Amino acid sequence: MQLDEQDLKKGLKFIVGTWEVDYVVNAWSNDLAHIPAAEFKSEDGNDLSAISYTFFEDHTMVMKNAANGREVSGTWEQTGWAEYHYTLEDFLNLPDGNFRKGAETLNQRDGDWLVFSLGFLAVAMKKTAEGTVTEEPDIGDIEMSEEDATNMAIVGKYAAAQTMGVIGDDFGIYPVEKLIEALDARKAAGEIDEHEYEQSLMGTKLVVEFTSGHKVIQWMPLPPGVSEAEIMAALEAGAIADFNGEAFAKAKQPWKCVNGKFYYDTGEHREVFGEVQSSWDEVKFDEEGLMDFGYMKLRKIEE
């Protein structure tokens, strides 16, 4: 299974901390009852409630047995969306094989539990203490170095080279020229009127400007039927951010250079599984030199 960055971050936050054995399930029982760990005694009178695992963000771990004071170190890794594998230097004297493999494999169950197997026993652990996971600073919180602050390689104006649109019955990202041809054909066939034609063309006329003042401005042409007076009124009311006489901008977002890479603030609110994500995207270019910008690809038209 291929795990992406978000899967690994979520898995790290889930497992890092201290876990203690809470209950045991005997697979050979009739009712698969949850037997409290302290009640499930071995022949020597010991139970699993004394066992705890502490996982650290550097992928090391420690297993402790409070009954005898034994402590064993090891490492762990995430092997699936809800699966982990750990290896101890000396794990309870278990021989290699499927029995040990089952004991060293942890599966997330019912959202909050980690379960491993000891033969016919399923051993469930609950988290009793959170660990420390170092949060990576958001790009928006990182100060540019003097060298990065003077890097203006991204500055310039960029026009849409490819954007979303409809050709025939297919919706996708197409070269602007192809979209305009399709719109011309629909207009000539009487499928759309002049107003619909102009509205549809607007997306192909977007110009994105990266300024030397570290702002990203998306210039849109005036919508059909909107006068300059109406635009000026919107500007005064704060409904739009700027007007250059031909096009208007709804907002001006910051961009910055960090360690030689360029980023811009999309202004979007993003969440993954309820966790707020960065609104900053890295500015990347494809093999043809086109900039990936949201759902578009842009071509530089002016330095």
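The model is predicted, so local features need pLDDT of at least 70 and side-chain atom pairs count only at pLDDT 80 or more, while totals for chains, interfaces and linings use all residues. Residues are numbered from 1 along each chain as its sequence is written, and side-chain values use heavy atoms, with hydrogens and water left out.

**The cores**

Let's start inside. A nonpolar core is a set of buried Ala, Val, Leu, Ile, Met, Phe, Trp, Tyr and Cys residues joined through side-chain atoms within 4.5 Å. Buried means under 20% relative accessible area, exposed over 50%, and partly exposed in between (1.4 Å probe, protein chains only). The largest such core has 27 residues, and those with the most contacts inside it include Ile 15, Tyr 53 and Trp 76. Among the elements that each supply at least two residues of this core are α1 (5–15), β1 (17–26) and β9 (121–130). Helices (H or I, at least four residues) and strands (E, at least two) are DSSP runs, numbered from the N terminus.

Which residues does Ile 15 touch, leaving aside its neighbours within four places in sequence? Ile 15 is in contact (heavy atoms within 4.5 Å) with Phe 55, Trp 76, Tyr 84, Leu 106, Leu 114 and Lys 127. A second, separate core has 18 residues, including Val 208 and Met 296.

**The hairpin and its patch**

Strands β10 (residues 156–167) and β11 (residues 170–175) run antiparallel and are joined by six bridges; two strands pair if DSSP finds at least two bridges between them. One of these links has Gln 162 with Pro 175 of β11 as its bridge partner. The hairpin leaves two residues between the strands, and Gly 168 in the turn has a positive phi of about 70°.

Both β10 and β11 supply at least two residues each to a nonpolar patch. Met 164, Val 166, Phe 171, Ile 173 and Tyr 295 make this surface patch of about 510 Å². Ile 173, in strand β11, counts as partly exposed because its relative accessibility is 44%.

Most residues other than glycine have a negative phi.

Definitions and conventions. Patch = residues over 30% accessible without salt bridge, like charges linked within 9 Å, V, L, I, M, F, W, Y side chains within 5 Å. Areas by Shrake-Rupley, 256 points an atom, 1.4 Å probe, with all protein chains shown as cover. Salt bridge = Lys/Arg side-chain N within 4 Å of Asp/Glu carboxyl O.
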